[in-house]
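Here is a short briefing for a first look.

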Amino acid sequence: SSGINAEYGMASIRVYTTILVAGMLITGSLNTLTKKAQNQSKARGIYGEERKFNHPWFQTLLMFYGEAICLIVYEWQRRKARKERENQIQDIPSDIEPERVLTGIFVVPTICDLIGTTLSGIGLLYVPASVWQMLRGAIIIFAGILSVIFLKRKMYPTNWIGMGIVMAGLATVGLSSVLSDKGGSSADGVSHGEMILGIVLILLAQLVSASQMIVEEIFIKKHNVPPIQVVGMEGCFGVLFMSLLVLPVCYFIPGSGPHDSYENSLDAIAQMWNNPAILGFGLAYLFSISFYNYFGLSVTKSLTAVHRTLIDACRTMLVWVIDLLIHYCILSSYGEAFDMTYGFVQIGGFALLMLGTLLYNEIIYIKCIASPRTTGFAEISADFEGSQPLLDGSLRAN
């Protein structure tokens, strides 16, 4: 009977983990697709003029709202755990100080998150969603170099070779986009110059995101803060920063937007009001951020480097396939067309990105230059897990 119960319990855990991974894959893909769909939508703004939804800073605010929702889940988990402890130990003093939730250690990573997400969002205006998703792989390079400099982590030849191959993959993907006959996704019609600007901004965003990982490692991990609390607190601080400082400042900075503003959030709200599709994409983006973080953080302890790499690869492929299906089967003004001239070059670049990532994570290795950690698969996974940052780069949604 106990054996049957144990087998049933293991089966339940496998099903639960599968559901979490599937949810993580679906919501992670929705992050990218809904954000890009907003950019490709048109609506009348605050002054009645129809234009595309070009509000990357406002989208960053939506992202922070999505992250802030995670704090509700954290509070529920914390209160539930506290009640369980009180039921087990009846003599707990009533004057115990509750653990602090608001703390200033989240300010710096929040600023990094703000800058990285916004730069990445601006870049998404000028590149197809699939290219945007692939270029996010650059975080491996920046995180690796910064971890050597600031965290004094040792990198082995396999890691450096993996980073080099990732660089080659990034160059190939970027080149295929710039040389594309369409100069961007079919609905965008951006110039080659704008495409290059988008690629540069996305790469800069990955540098900022890698810096955020290092900051979190140095200042937050030693405090043993639960990852879901980190996400929620960064979301709360982000909402405050964006609402009280960043968006008001962007409104008064001269630009080409409505009211000659660099970023007019009132116009963003008006466009969402006038086009329910933009509102729907925005809400889907907001809640997909929340659920993606929940799924990812719920399952991350049971994931090896193999799982994380494969999930991120599947996410990239899913985004690309859905974007193609949307363009060819649903509405040609959305999604992206497949460039018959340079599309296969992009596939080759993606293959290089995958190979480099596998080498960097020591999932595969070159025997003659293998690191001491690659003596067996079990050791690879265990060692890799022990050296992970507080919030893995592949588990970020921006």
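In which kind of crossing, left-handed or right-handed, does H2 pass H3? The crossing is right-handed, meaning that the near helix is turned clockwise from the far one by less than a right angle. This is a predicted model: local features need pLDDT of at least 70, side-chain atom pairs count only at pLDDT 80 or more, and totals for chains, interfaces and linings use all residues. Residues are numbered from 1 along each chain as its sequence is written, and side-chain values use heavy atoms, without hydrogens and water.

**Helix pair**
- Helix H2 spans residues 56-88 and helix H3 residues 107-124; helices are DSSP runs (H or I, at least four residues) numbered from the N terminus.
- Their axes lie 9 Å apart, at an angle of about 130 degrees; axes are lines fitted to C-alpha atoms over the stretch in contact, and angles run from 0 to 180 degrees between N-to-C directions.
- The contact (heavy atoms within 4.5 Å) includes Trp57 and Phe64 of H2 and Leu114 and Ile122 of H3.

**Nonpolar cores**
- A nonpolar core joins buried Ala, Val, Leu, Ile, Met, Phe, Trp, Tyr and Cys residues through side-chain atoms within 4.5 Å.
- The largest has 55 residues; Trp57 and Leu170 are among those touching the most other members.
- Apart from it lies another core of 12 residues, including Cys70 and Met233.

**Ser130**
- Ser130 lies in helix H4 (residues 129-135).
- Ser130 is buried, with a relative accessible area of 0%; buried means under 20% (1.4 Å probe, protein chains only).
- Not counting residues up to four places away in sequence, Ser130 touches Val319, Trp320, Glu336 and Gln346.

Technical notes: Helices (H or I, at least four residues) and strands (E, at least two) are DSSP runs, numbered from the N terminus. Buried means under 20% relative accessible area, exposed over 50%, partly exposed in between (1.4 Å probe, protein chains only).
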